[in-house]
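Hi everyone, thanks for coming. I'd like to walk you through one model today, a piece at a time, so please have a look at it while I talk.

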Amino acid sequence: MSDVVVETASRALRPAMMLASLLLLLRGHDEPGGGFIAGLVAAAALALPIARRPRRGPSSTTCVAVGLAVALTSGLTAAVTADPWLAPRWVEVLGVPIGTPLWFDLGVFLVVVGFVVGALDALRDGEEASWR
Amino acid sequence: MMATLALLFGMAAVAPFAGRLRGRALGGGLAVGLAAATVWLAVRYGPVVAAGGVAVEAYSWVPSLGVTWAFRMDGLALLFALLSTSVGALVCVHAGAYLDRHPERGRFFGTLLVFAAAMVGLVLADDVIVLFVFWELTSIVSFFLVGFAHHEEAPRRAARTALLVTGAGGLALLVGLLLLATITGTARLSEMPAGASAIRDHALYLPALLLVAAGAFTKSAQVPFHAWLPGAMAAPTPVSAYLHSATMVKAGVYLLARVEPTLGETTPWALLLIGVGGITMLHGAARAVLARDLKQVLAHSTVAALGTLVVLLGIGSDASVAAALVMICVHALYKGALFLVAGIVDRATGTRDVERLGGLGRAMPWTFAAAALAGLSMAGLPPLFGFVGKELAYKAKLGFDLGEPVVPLVAVVTNALGVAAASVVALRPFVGAGGVAAAARPGAMLVAPPFLLGLTGLVLGADPALLGGLVEPAATAVLGRPSGVTLEPFYGFGAAFQLSLVTVGAGVVAAIVAPTVRRRLAPTLARLGRVGPASSRALAAVVSGAGRWVDAPSRRRFGRQVAIALLALLALSALVIGAEPPRLELSGIRPPRPEELVLAGLAIAGAAIAATARHRLTAVLAVGVVGVAAALVFMSLGAVDVALTQLLVETLVVVAMAHVLSRMRPRSPVDAPGRPRALGAAVLACGVGALMAIATFAVATSPGRRDVSRWLVAHSVPAGRGENVVNVILVDFRALDTLGEIVVLTAAALGVAALLRTARAPKEAT
């Protein structure tokens, strides 16, 4: 398979996979999905071999750190009400239940994406990698 | 109390973002915050404590273990808390000017404030676990502060050594504290003295004492754990002035004072503390006089001072406890000032070598004044506060009949050497002539803090009763009764005064003789310095040796390491299974379905190909087949989430391997192992496989497990608000475990980033 075919297919696949990853993240609580799975799909999407421009935006380390911070803060709302840390809090927004477990799942998602993308970048670029 | 902690942590969180402010502004602003905290603590809790009361703030934390998030303000806590915040404020002012345009000043101040918060939290903690958390926090933050100039090797090494020593002590402390909690039945430090008599006769008294003492001795740099303190002088001078004179090294002394009502007043306590403290006093004092670097002199004399404090707490009488508390304040004042002065001198002249310094008094009069005040206090001369402290200490040691005449003699020798050290540090750089010239006059923000500290020593020396309202409640907290010691500027011409005269006389002689002795002993000292901190060197050797063995990128060694790990696993499991054979429920097994047989065959075939493949690419793809087969098995059993995750991970692993293989020759043959090795590997593999099968089977059929899964499924919707049990378990019921997993991922990410940076570094150098 020539590079052109792979490249064109990847360009088409990437947005679709990112959308799928988002859907998996949001529906994880009631149907198969969730933070880990969505993170792996998103990482796979970002690992598709598209001609690389220098990747702008936050580095992988930032992504991981932000994810960890998000996951940690998801427990704080419970601390305010003197419940054990990470106790879930739910609110109803327009009939849709939103809660701290979803915020936690987002944190997991970011950590997984950051880590896998960073690791794959490092493996691909070897000594020229800059862990972006 | 928690409000104060919140303020300090809040300032620490904000400081790094204000890094673009000039250092003076940043330091000044934070100093205002710390000063406000000091005033707040003094005003809010001073009267309460002076009247003999306490303030407690406690919240339930882990009720099942009896652990509370408890803080308690009594005299002892207030003394240390005020010391930490007030000295911290002055250090911030000085550091602001010291790091005026330093590019990383935001990070510096953030870390410094975290340390201040941790120190205050440590002294306020009433629960042993809370105490331990803040204790370790101070160790960790000190690592970052000592290693602040992380581009250089010496600070990094010093930070590592300090962390290793204080961390190991911290572990010992944890065990000791838990022992105490178990013996007394309570985790609250304030409730422990109630059962003191029972504790002292308990079988575990000695282990608990030794462990807690180990924690205190490592933190307070007692022999033989003292070597990290001179090394930590690689830290920026403001850090040394704050941590290594006023706060962190005093934490061990604080701990000993805190547990004295519980563990103290026994012969082992006295022997241990007086013995270790006494040796430390002499060793520190001797090294101080013989050192050439200003900061080394101060470091070693700090070690000696800490030894004195430990001895006084070991004696444990009313007089000695009061003396110790006064000496804590005295030492913080003069040592902090002297460290800051050393920093100013270093800045101005570019050297800290006492042999090359001299005659700076004219160029830096205010600095000289500050140094003189602090030096006189250090030498214990009236009318400074140091004199009051020394008198009290002598009186306490003379009153300790069991120690005569050794203890007072050791004290006299130590203090005489201290006088000499004071002259080296506070006098020599400023008088005389012919030293390195000062480049410029240091600014007001640099000089004002040490001058204020020195001046406070003078004021308190003239009227020590000013501090009575602070020292007396602290002594009461330790002794359980008023100490009956009054603070006066002069105690008359008794035995203590005579000892002071002898001390000063001997000290002057020592000061005159010291340079000659130093020069004579220089080669011996240099040799000692290399052997020097033998314990930390041994530790470093062990760590780097182990690292070299694990990291060695050798195919053969990697295989050997894996084999050793698996053998150990098998051996341990054999022991465990042999001791308590698991009951395997064979009744519920049903015959396999056809699709399960197909998938099992697929997996086995894949594994066999991977093990015997002669080309790398084949092996990689075969492993991928095994993974996919596993995913399909999960799918057939109805575990959709697990199957999805397995498939995705397998895909990404293949992608990763493809990247790696693309940089090698993918068709390169795998070295075929010899017959005996292949046979050994096969036996090992079969053994581990059998072990895994037994373990999985035992766990899957255990009766308790079915109850757990039934509970989880039943509560998934009502409590977890989700129909996907697996996800609900991951992010709700067992969220803490998931949090642990992503912390591990974060650590791995940082590790890979660091490895890449070091791999790149040699190339950048060329």
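Let me start with B:A221, which counts as buried, since its relative accessibility is 0%. Buried here means under 20% relative accessible area, exposed means over 50%, and partly exposed is in between, with a 1.4 Å probe and protein chains only. B:A221 also has a positive phi of about 50°, although it is not a glycine. You'll find B:A221 in the loop between α8 and α9 of chain B. When I say helix or strand, I mean DSSP runs, H or I of at least four residues for helices and E of at least two for strands, numbered from the N terminus.

Quick housekeeping before I go on. This is a predicted model, so local features need pLDDT of at least 70 and side-chain atom pairs count only at pLDDT 80 or more, while totals for chains, interfaces and linings use all residues. Residues are numbered from 1 along each chain as its sequence is written, chains are lettered from A and ligands numbered from 1 in the order in which they are written, and side-chain values use heavy atoms, with hydrogens and water left out.

Back to that loop. B:P224 is in the loop between α8 (205-219) and α9 (228-231) of chain B, and the peptide bond leading from B:V223 to B:P224 is cis, with omega near 0°. Where else is there a cis bond? From B:P382 to B:P383, again with omega near 0°. B:P383 sits in the loop between α15 (365-379) and α16 (385-398) of chain B. And there is another positive phi, about 60°, at B:E265, also not a glycine. That residue, B:E265, is in the loop between α11 (248-263) and α12 (267-290) of chain B.

Now for some helix packing. Two packed helices are described by the angle between their axes and the distance between the axes. The axes are lines fitted to C-alpha atoms, for helices over the stretch in contact, and angles run from 0 to 180 degrees between N-to-C directions.

Take α8(B) and α12(B): they pack at about 25°, with axes 11 Å apart. That makes α8(B) roughly parallel to α12(B). The cut-offs are under 35 degrees for roughly parallel, over 145 for roughly antiparallel, 65 to 115 for roughly perpendicular, and oblique for the rest. Their crossing is right-handed, where right-handed means the near helix is turned clockwise from the far one by less than a right angle, and left-handed means anticlockwise. Who meets whom? From α8(B) we have B:Y205, B:L206, B:L209, B:L210, B:A213 and B:F217, and they meet B:P268, B:W269, B:L272, B:L273 and B:V276 of α12(B). Contact, by the way, means heavy atoms within 4.5 Å. By class, that α8(B)–α12(B) contact has 11 nonpolar residues, no polar and no charged ones. Nonpolar covers Ala, Val, Leu, Ile, Met, Phe, Trp, Tyr, Cys and Pro, charged covers Asp, Glu, Lys and Arg, and the others, Gly among them, are polar.

Next pair: α2 (residues 23-50) and α3 (residues 75-98) of chain B pack at about 165°, with their axes 7 Å apart. So α2(B) and α3(B) are roughly antiparallel to each other, and their crossing is left-handed. The residues in the contact of α2(B) with α3(B) come out as 16 nonpolar, nine polar and one charged.

A few single residues now. B:R188 is in the loop between α6 (153-184) and α7 (196-201) of chain B, and B:R188 is buried, at a relative accessible area of 14%. Its side chain makes a polar contact of 2.8 Å with that of B:D126. A polar contact is a pair of N or O atoms within 3.5 Å; within protein, one must be able to donate a hydrogen and the other to accept it, and residues adjacent in sequence count only if both atoms are side-chain atoms.

Then there's B:N415, in helix α17 (residues 406-427) of chain B, buried at 12% relative accessibility. B:N415 and B:T308 are 107 residues apart in sequence, but 9.7 Å apart in space, C-alpha to C-alpha.

Last stop, chain A: five helices and two strands, running α-α-α-α-β-β-α from the N terminus. Of its 132 residues, 45% count as buried.
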